[in-house]
Amino acid sequence: MKTQPLSSSEIGTLWMTFQQKTMILRILEYFIEQADDDEAKEIMKDTHEKAAGYVDDIKRIFREEGAVIPIGYTEEDVHPGVPKLYDNGFDIMFLRLLKEISMGMHTLHLNLSFRKDIVMLYKELTGFTQSVYDQCVDYLQKHALLPASPPVTMPKKVEFAESPRYMKGFNVFSSKRTLNTIEVGYIHFSIESNSIGMRMITGFSQVANEPEVRKYFQKGKDLAKKIIDDYSEQLLNSDIQPQLPSGGNVTTSKTAPFSDKLMMYCTSLFCSFALGNNAIGTAFSMRSDLPFTLMGTAKDILTYSHEGGKLMAKNGWMEEPPQMEDRNNLVK
């Protein structure tokens with residue numbers, strides 16, 4: 001029985017998964033080599049082995065369909081034997097954040113799939129990703145490297161908003177209501193992810209080969225710092241102390257463990273992740289000033305991301321996804 005051909009969305013999502021997974025493999029190869037904690041090394045080695053198997057599955061699917069296999073990220077994009085760029089558990093912090101991105105991607109890609117083997121692939125990837133994420137959380141909590149969101153007094157009764165004033169946030173002559181727990185959760189998550197992202201991009205800025213790329217990463221570090229400051233201020237204005245991850249420091253190394261191409265793609269992936277989180281946070285924020293803060297942040301991230309895309313294209317680092325047929329060109 002002939003298998004139905006891949007749909008356009010299936011080809012696109014498989015291509016995206018291949019790019020992300022080959023990048024993760026290269027990053028893990030460096031972190032595994034540098035790891036001085038046996039438990040962390042075991043988590044990363046197991047993740048690498050299983051992720052490599054899924055990359056082989058995608059290659060097989062493309063080969064069977066007669067499609068070209070993407071390049072993605074290869075051994076040329078990782079530089080073994082160089083000094084440590086990060087310490088104090090950054091490897092597992094980083095892997096956890098990558099798995100957060102993966103969980104969102106796999107869920108979306110599952111919804112865009114129709115063929116049974118592709119649906120099953122994303123179901124397996126989702127389960128695998130959630131398992132690795134749980135291992136990372138357990139490790140970070142055990143080593144006191146992952147603070148929970150701010151504590152709150154347990155609610156004792158159900159309450160309803162009594163007027164539209166519940167949503168106020170702009171009136172300078174009256175106080176804003178305190179943040180609710182949903183809003184605090186999204187703000188905390190943004191502070192945490194930007195804190196880890198700032199450490200990542202600080203390291204990238206130290207080791208990038210191209211001066212223009214170093215400058216771009218420095219701009220990203222400043223943007224992450226601004227987001228952390230702005231969101232921390234929102235918590236402090238409600239007398240809530242921000243909880244920041246500890247550890248994961250950047251060393252003084254100036255030798256690149258990865259190619260500029262890989263570091264630029266990784267930064268682009270984090271920007272896409274941040275935009276998605278901002279959109280969700282905006283949708284669920286019920287105090288009228290918060291969506292404007294979040295939308296302002298999203299605008300800054302989008303501008304920064306577009307600048308990075310131009311820089312990648314300029315240097316020939318942006319592999320193009322498979323394209324739809326250009327009918328206008330075909331009839332010429």
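This is a predicted model: local features need pLDDT of at least 70, side-chain atom pairs count only at pLDDT 80 or more; totals for chains, interfaces and linings use all residues.
When I say two residues are in contact, I mean they have heavy atoms within 4.5 Å of each other. Keep that in mind as we go.

Let's start inside. The largest nonpolar core has 87 residues. Five of them have the most contacts inside it: Leu 14, Met 23, Phe 94, Met 200 and Phe 217. As general background, nonpolar side chains in soluble globular proteins tend to be buried together.

Take Phe 217 from that list. What does Phe 217 touch, beyond its neighbours within four places in sequence? Its contacts are Ile 201, Phe 204, Ser 205, Ala 208, Met 263, Met 264, Thr 267 and Tyr 304.

Now Gly 203. This glycine is in helix α5. Buried or exposed? Gly 203 has a relative accessible area of 0%, and the cut-off for buried is under 20%, so this residue is buried. Again leaving out neighbours within four places in sequence, Gly 203 is in contact with Leu 85, Tyr 86 and Val 250. For a sense of distance, take Gly 203 and Ala 279. They are 76 residues apart along the chain, and their C-alpha atoms are separated by 28 Å.

Back to α4, for a check on its length. The helix has 27 residues. At 1.5 Å a residue, they should span 39 Å. The end C-alpha atoms are 39 Å apart, so the two values agree.

What follows α4? Ala 144 does, and its phi is positive, near 55°. Ala 144 sits in the loop between α4 and α5. Its relative accessible area is 59%, so Ala 144 counts as exposed. Why point out the phi? Because most residues other than glycine have a negative phi. Asn 88 is another case. Its phi is positive too, about 55°, although Asn 88 is not a glycine. Look for Asn 88 in the loop between α2 and α3. Asn 88 is partly exposed, at a relative accessible area of 43%.

Helices α5 and α7 each supply at least two of the patch residues. Met 286 lies in the loop between α7 and α8. With a relative accessible area of 35%, Met 286 is partly exposed.

Last topic: charges. Side chains of opposite charge can pair when their charged atoms come close. How many salt bridges does the structure hold? The count is 13. I'll walk through a few.

First up, Asp 36 with Lys 84. The N to O distance is 3.1 Å. This pair links distant parts of the chain, 48 residues apart. Asp 36 is in the loop between α1 and α2, and Lys 84 is in the loop between α2 and α3. Asp 36 is exposed, at 67% relative accessible area. Lys 84 is partly exposed, at 27%.

Next, Glu 39 with Lys 142. Their closest N and O atoms are 2.8 Å apart. Glu 39 is in helix α2 and Lys 142 is in helix α4, so the pair ties together parts that are 103 residues apart in sequence. Glu 39 is partly exposed, with 34% relative accessibility. Lys 142 is exposed, with 57%.

Then Arg 287 with Asp 289. The salt bridge here is 2.9 Å, N to O. Are these two partners buried or exposed? Arg 287 is buried, at a relative accessible area of 3%. Asp 289 is buried as well, at 6%.

And there is a network. Salt bridges with shared partners join Glu 65, Arg 115 and Asp 117.

Methods
Residues are numbered from 1 along each chain as its sequence is written. Side-chain values use heavy atoms; hydrogens and water are left out. A nonpolar core is a set of buried Ala, Val, Leu, Ile, Met, Phe, Trp, Tyr and Cys residues joined through side-chain atoms within 4.5 Å. Buried means under 20% relative accessible area, exposed over 50%, partly exposed in between (1.4 Å probe, protein chains only). Helices (H or I, at least four residues) and strands (E, at least two) are DSSP runs, numbered from the N terminus. The expected span of a helix is 1.5 Å times one less than its number of residues. A salt bridge is a side-chain nitrogen of Lys or Arg within 4 Å of a carboxyl oxygen of Asp or Glu.
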